Amino acid sequence: MTDLQSRAINTIRFLSADAVQQANSGHPGLPMGAAAMAFTIWTRHLRHNPHNPKWMGRDRFILSGGHGSMLLYSLLHLTGYDLPLEQLKNFRQWGSKTPGHPEYGLTPGVEATTGPLGQGFGMGVGMAIAQAHLAATFSPELFNAYIYEIVTDGDLMEGVSSEAASLAGHLQLGRLIYLYDDNHVSIDGSTELAFTEDRGGRFEAYGWHVQQLPDGNDVEAIDRAIQAAKADRRPSIIMCRTIIGYGAPHKQGTSKAHGEPLGDEELNAAKDALGWPREPRFLIPGDVAEFYHQAVERGTQLESEWNQKLQEYKKVNPEQAADLERRMRGELPGDWEKAVPVFPVDAKGMATRAASGKVINALAKKLPELIGGSADLAPSNNTMIDGSPAFEKDSPQGRNFHFGVREHAMGAALNGMTLHGGLIAYGGTFLIFSDYERPAIRIAALSQIPTIFVFTHDSVGLGEDGPTHQPIEQLAGLRAMPNLTLIRPADANETAQAWKVALTHRKGPIALALTRQTLPVLEGTDPSGVEKGAYVLASFGSDKPELILMASGSEVTLIYEAAKELAEEGRSVRVVSFPSWNLFEKQSEEYRESVLPKDVTARISVEAAAGLGWERYVGSAGRIISIEHFGASAPYKTIFEHLGFTVENVMAQARELLQTA
């Protein structure tokens with residue numbers, strides 16, 4: 001290793017350690033131990049342009065162990081991204097662009113929000129899927145990027161990484177190159193306490209290319225290993241034996257270097273041990289700065305060469321190139337809305353999951369970027385695109401994904417596909433298993449990326465499978481998540497409009513909650529009302545209501561029928577379809593008042609789920625018909641009858657309420 005390389009690596013180490021020390025908070029051990037790995041990736045392999053972090057042809061780098069974020073921030077600053085040194089000095093402080101864990105959309109050059117261990121691992125798999133699909137759809141000359149990651153012991157312990165690694169091995173995602181920071185230390189102490197399996201053997205069993213490096217500071221060995229990984233068609237993991245907190249004489253190799261500042265005395269001792277000046281802090285030697293800043297010129301040249309390839313592709317394939325450029329801009333085709341189906345009023349109707357499947361297939365003809373699949377539930381979730389092959393190692397052009405029984409990995413991979421760009425990704429499972437996807441949903445919400453999560457079997461209405469599969473608290477939990485838009489449509493037409501919202505909504509994920517059971521296609525459903533979250537579906541009696549019945553999903557039909565019968569008794573009843581609280585809360589006060597007038601206090605909400613949150617809309621004088629216990633195994637109509645989801649019970653509750661109003 002040359003003297004310049006050594007000082008360039010130590011610059012990463014001590015920028016990181018100085019920032020953690022100044023913040024009096026953070027994780028210095030990973031950046032100090034993994035600096036040589038990161039140096040090798042970023043200076044010898046990573047194709048990127050610091051002046052255009054969104055260049056489509058770039059390689060991607062993810063720091064899956066997001067707790068070591070100062071490693072990434074140091075590299076972003078050194079290589080010329082818009083991240084001034086002052087931001088490093090404000091590490092973990094209010095309003096800075098250097099939060100404790102990397103956040104997509106906040107810090108230029110951060111490809112993914114990481115921190116919950118294993119999520120970055122799964123998102124990298126999704127990015128590699130996107131890369132392979134776009135290469136097959138357009139050109140491998142344009143889409144030949146690599147996905148590099150540094151993954152940690154904690155990443156490999158989390159179950160999501162096992163699912164994602166299994167999927168990646170099956171799909172033979174050869175553009176995936178992970179470097180494992182194998183430092184044998186976690187917060188509790190040595191990994192011997194809880195993590196003693198043969199990690200290399202595990203990944204070989206998954207179908208990965210595995211290399212063992214005994215010295216994670218050997219730049220030349222790391223470089224050779226990456227070259228070997230590139231030459232192999234399988235996904236690769238390079239097991240680099242490292243020392244956490246490298247250089248700190250009393251804390252290196254121990255958990256003391258993991259999640260707390262080194263302390264001034266130990267930090268100075270580490271600088272002495274590695275021949276680094278104690279002062280000034282945040283030192284970047286001039287020749288080191290110049291060395292790293294070559295990334296700007298190199299990146300500009302790489303992007304220029306890629307753009308030239310794009311122009312050559314455009315000459316030969318003008319229509320495909322126009323489609324690619326549209327996708328790169330994040331735009332939809334001009335006439336795509338015409339593909340949104342309209343379903344005729346039908347008392348027999350269809351399940352909203354079936355309607356969703358019809359909508360997906362109608363839209364897929366207009367939106368070639370729409371791709372997705374299911375966690376081994378495609379016939380139940382209705383997520384398949386007719387006429388398209390499955391995405392497999394020999395058919396990466398396929399738009400249907402068999403994620404297997406891997407909800408954790410599916411959610412993370414969908415986020416990776418979305419983050420990559422050029423695709424609209426969706427994935428389906430039962431609503432009860434949204435609990436398995438919840439970490440990925442939360443990452444999507446925090447990142448404000450428009451991943452689409454399709455959840456069917458959305459209530460006790462799924463019937464005989466019983467309480468293990470019947471969601472009760474899931475709707476309330478998802479509604480509580482910031483930036484997530486949950487839509488529970490009442491019929492086929494509301495489902496079509498829910499998909500329209502999903503495709504146009506760009507800030508945050510969308511979750512669709514769909515029924516197993518058949519529902520009528522109602523008269524009066526309003527497309528613009530779905531977009532607004534709630535609307536007046538019907539009014540019975542005089543113009544001014546004395547009672548408001550509100551519901552989402554399958555229970556809208558129930559309140560509609562109850563309202564008609566109450567009207568026959570001389571009552572004035574308003575029926576409000578309420579597919580999305582999140583969208584409704586974004587409307588003007590005037591619109592919300594027009595739907596739910598404050599002077600009408602007799603209100604009942606009906607939803608076959610936990611009632612938590614409905615008090616916001618029914619008020620202190622209203623009533624909530626809900627389920628506050630687990631369900632039962634029986635035909636769904638029997639369950640609804642026993643739990644009070646009947647026209648008769650809604651009417652009885654309404655009469656009592658009106659008598660006391």
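Buried means under 20% relative accessible area, exposed means over 50%, and partly exposed lies in between, with a 1.4 Å probe and protein chains only. Helices (H or I, at least four residues) and strands (E, at least two) are DSSP runs, numbered from the N terminus.

## Basis of the model

This is a predicted model, in which local features need pLDDT of at least 70, side-chain atom pairs count only at pLDDT 80 or more, and totals for chains, interfaces and linings use all residues. Residues are numbered from 1 along each chain as its sequence is written, and side-chain values use heavy atoms, with hydrogens and water left out.

## Strand β12

Strand β12 covers residues 452-456, and five of its five residues are buried. Ile-452, Val-454 and Thr-456 are buried on one side of β12, and Phe-453 and Phe-455 are buried on the other.

β12 runs parallel to strand β11 (residues 424-430), and five bridges join the two. Strands count as paired if DSSP finds at least two bridges between them. Within β12, Phe-455 is the bridge partner of Thr-429.

## Thr-107

Thr-107 sits in the loop between α4 (85-89) and α5 (119-137). The residue is buried because its relative accessible area is 3%.

A polar atom of the Thr-107 side chain lies 2.5 Å from the backbone oxygen of Lys-97. A polar contact is a pair of N or O atoms within 3.5 Å; within protein, one must be able to donate a hydrogen and the other to accept it, and residues adjacent in sequence count only if both atoms are side-chain atoms. Leaving out residues up to four places away in sequence, Thr-107 touches Tyr-73, Leu-76, Leu-83, Lys-97 and Pro-99, where contact means heavy atoms within 4.5 Å.

## Pockets

A pocket is an open set of points on a 1 Å grid over the protein atoms alone, where a 1.4 Å probe fits, with protein on both sides within 12 Å along at least five of seven lines; lining residues have an atom within 4 Å of a point. Grid points are joined across faces, edges and corners, and a volume is the space filled by probe spheres set on the points. For residue classes, Ala, Val, Leu, Ile, Met, Phe, Trp, Tyr, Cys and Pro are nonpolar, Asp, Glu, Lys and Arg are charged, and the others, Gly among them, are polar.

The largest pocket holds about 760 Å³ of space. Its lining has 29 residues, and Tyr-104, Thr-418, Leu-419, Gly-421 and Arg-506 are the closest to the centre. At least two lining residues come from each of α13 (318-328), α16 (407-420) and α17 (434-447), and α16 gives the most, with three. Twelve residues of this lining are nonpolar, eight polar and nine charged.

The second largest pocket holds about 460 Å³. Of its 21 lining residues, Ala-132, Gln-172, Gly-174, Arg-175 and Arg-233 lie nearest the centre. α5 supplies the largest share of this lining, four residues. By class, the lining has ten nonpolar, four polar and seven charged residues.

## Backbone details in loops

Gln-172 is not a glycine, yet its phi is positive, at about 55°. The residue lies in the loop between α7 (159-171) and β3 (176-182) and is partly exposed, with a relative accessible area of 27%. Arg-92, in the loop between α4 and α5, also has a positive phi, near 65°. Arg-92 counts as partly exposed because its relative accessibility is 27%.

The peptide bond from Glu-279 to Pro-280 is cis, with omega near -5°. Pro-280 belongs to the loop between α10 (264-273) and α11 (286-292).
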